[in-house]
Amino acid sequence: MVPKIVSVAAIDSLLPQTQCQRCGYADCHAYAEAMHVGDAEINRCPPGGDATRMALAALLSHEPIGLSDDVDAYAPEHVALIDEAACIGCAACLPVCPTDTIVGASKRMHTVIASDCTGCELCIIACPVDCISLEPIATPANRVYATLVEREPQANGLRQQYQAHKARFAERAEAKAEAHAPKVLPDKKTLLADILARAKART
Ligand code: SF4
Ligand code: SF4
Ligand code: SF4
């Protein structure tokens, strides 16, 4: 358990907000929560690089340690590229993209807006026909910086995009649940009372 004075937000602020899940958690905030309660080590974030590990060590009074060897590597300065001829338009890549950088309608070809792509690879995992690859292109969203100060604008932008993404998909899920909710029909007694009231109003 880390000292109470260190908040989850303070830990989260040291993470790069790539939301790539390489740490083994659903997103950066979930990893921050796990570190906060002492369930996770400070060395599970490849996109954070040395800067994040050193900063976490300092914040949580921990010895600096190297990247854990059970997390997948992150390729900075790469973006996802969809082979548009092979894309079947299934839209499976849309909900997993933390920056909402894939565009396309259901059953239509999809494409990536490269400037917002972090190269997190979540779309590659989600695609059922393996038509997404990584290409070496540097964007404002996919750098690994040597210091947190240099990285701050990128991390802030990615956090905002991810929050907007979550809000958008939560709204959609709510609307879908509402549309599929069983209609509550009035019971017989209420129905009869309603018919009688309407008949009385007519006379
Ligand atoms: S960027 Fe780091 S902390 Fe965030 S989800 Fe990826 S590995 Fe986890
Ligand atoms: S398009 Fe880029 S940011 Fe979106 S899921 Fe794919 S790799 Fe990640
Ligand atoms: S998951 Fe693959 S096939 Fe489906 S829309 Fe995305 S790129 Fe196309």
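## Ground rules

Residues are numbered from 1 along each chain as its sequence is written, while chains are lettered from A and ligands numbered from 1 in the order in which they are written. Since this is a predicted model, local features need pLDDT of at least 70 and side-chain atom pairs count only at pLDDT 80 or more, whereas totals for chains, interfaces and linings use all residues.

## Overall fold

Let's start with the secondary structure. The chain holds 6 helices and 4 strands, where helices (H or I, at least four residues) and strands (E, at least two) are DSSP runs numbered from the N terminus. Their order along the sequence is α-α-α-β-β-β-α-β-α-α.

Along the principal axes, the C-alpha trace spans about 85 × 50 × 30 Å. Buried residues account for 29% of the 203. Here a residue is buried if 20 or more other C-beta atoms lie within 10 Å of its own, exposed if 12 or fewer, and partly exposed in between, with C-beta atoms placed from the backbone. Of the contacts between residues at least 6 apart in sequence, 65% join residues at least 24 apart; a contact means that the C-beta atoms of two residues, placed from the backbone, lie within 7 Å.

## Two domains

The domain assignment gives domain 1 (8-59) and domain 2 (79-135), with bounds that come from an automatic or database domain assignment. The contact between them takes 4 residues from domain 1 and 5 residues from domain 2. On the side of domain 1 that touches domain 2 there are 1 nonpolar, 3 polar and no charged residues. For these classes, Ala, Val, Leu, Ile, Met, Phe, Trp, Tyr, Cys and Pro count as nonpolar, Asp, Glu, Lys and Arg as charged, and the others, Gly among them, as polar. The domain centres, taken over C-alpha atoms, are 26 Å apart.

Ligand 1 has 16 residues around it, and Thr18, Cys20, Cys23, Cys28 and Cys45 come nearest. A residue belongs to such a shell if its C-beta atom, placed from the backbone, lies within 6 Å of the molecule. The shell of ligand 1 divides into 10 nonpolar, 4 polar and 2 charged residues.

Around ligand 2 there are 14 residues, the closest being Ala80, Cys97, Cys117, Cys120 and Cys123; by class they are 9 nonpolar, 4 polar and 1 charged. Ligand 3 is surrounded by 14 residues, with Cys87, Cys90, Ala92, Cys93 and Cys127 the closest. Its shell has 12 nonpolar, 2 polar and no charged residues.

## Residues worth a look

Gln21 sits in the loop between α1 (8-12) and α2 (28-36) and has a positive phi of about 70° although it is not a glycine. Gln21 counts as buried because it has 20 C-beta neighbours inside 10 Å. Ser61, in the loop between α3 (49-59) and β1 (79-82), also has a positive phi, near 50°. Ser61 is exposed, as 9 other C-beta atoms lie within 10 Å.

## Helix α6

Helix α6 (residues 188-202) reaches 21 Å from its first C-alpha to its last, close to the 21 Å expected, which is 1.5 Å times one less than its number of residues. Among its 15 residues, the count of buried ones is 0. Arg198 lies in this helix and is exposed, with 9 C-beta neighbours inside 10 Å.
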